[in-house]
Amino acid sequence: VQSLSDELAKQLWMVLQRSMGTVRRDPTMLVSVVRIIEREEKIDRRMLDRKKQTSFIPPGRPKQWKETMFQ
């Protein structure tokens with residue numbers, strides 16, 4: 001699962017790095033990337049809330065992809 005998540009992140013960052021060209025050619029691709037990042041942020045928040053209750057957080061969480069997107 002972690003390697004799949006890492007591969008997804010790699011693809012997302014590649015699209016974001018090429019965002020200007022992507023927006024011109026295929027704006028839906030950029031919208032999809034942003035939606036995936038938003039979804040992962042929501043899951044991060046849920047996992048952090050769950051950690052408060054159970055003291056467990058899955059490996060690789062929080063991903064903090066939104067932070068990475070703005071770097």
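Is Ser32 buried, partly exposed or exposed? Ser32 counts as partly exposed, because its relative accessibility is 38%, and the cut-offs are under 20% for buried and over 50% for exposed. The model is predicted.

**Helix 1**
- Helix 1 covers residues 2–17.
- Its 16 residues should span 22 Å at 1.5 Å a residue, and the end C-alpha atoms are 22 Å apart, so the two values agree.
- Six names make up its buried set: Ser5, Ala9, Leu12, Trp13, Val15 and Leu16.
- Viewed down the axis of helix 1, these buried residues fall within an arc of 160°, so they line one face of the helix.
- An α-helix has 3.6 residues a turn, so residues three or four places apart point the same way.
- Ser3, Leu4, Lys10 and Gln17 are exposed, on the face turned away from the buried side of helix 1.
- Cover for the buried residues of helix 1 includes helix 2 (19–25), helix 3 and helix 4.

**Nonpolar core**
- The largest nonpolar core has nine residues in all.
- Its members are Ala9, Leu12, Trp13, Val15, Leu16, Leu30, Val33, Ile37 and Trp65.
- Helix 1 and helix 3 (27–54) are the elements that give two or more residues to this core.
- Helix 1 supplies the largest share of the core, five residues.

**Aromatic pair**
- One aromatic pair turns up in a search of the whole structure.
- The ring centres of Trp13 and Trp65 are 5.9 Å apart and the ring planes meet at 80°, so the pair is edge-to-face. The angle cut-off for that class is over 60 degrees.
- The pair links distant parts of the chain, with Trp13 in helix 1 and Trp65 in helix 4 (residues 65–69).

- Leaving aside residues up to four places away in sequence, Leu30 touches Leu16, Ser19, Thr22 and Val23.
- Ser32 lies in helix 3.
- The C-alpha atoms of Ser32 and Leu12 are separated by 9.4 Å, while the two residues are 20 residues apart along the chain.

Definitions and conventions
Residues are numbered from 1 along each chain as its sequence is written. This is a predicted model: local features need pLDDT of at least 70, side-chain atom pairs count only at pLDDT 80 or more; totals for chains, interfaces and linings use all residues. Side-chain values use heavy atoms; hydrogens and water are left out. Rings of Phe, Tyr and Trp (its six-membered ring) pair if their centres lie within 6.5 Å; planes under 30 degrees apart count as stacked, over 60 as edge-to-face and the rest as tilted. Helices (H or I, at least four residues) and strands (E, at least two) are DSSP runs, numbered from the N terminus. A nonpolar core is a set of buried Ala, Val, Leu, Ile, Met, Phe, Trp, Tyr and Cys residues joined through side-chain atoms within 4.5 Å. Buried means under 20% relative accessible area, exposed over 50%, partly exposed in between (1.4 Å probe, protein chains only). Contact means heavy atoms within 4.5 Å. The expected span of a helix is 1.5 Å times one less than its number of residues. The arc is that of the directions from the helix axis to the C-beta atoms.
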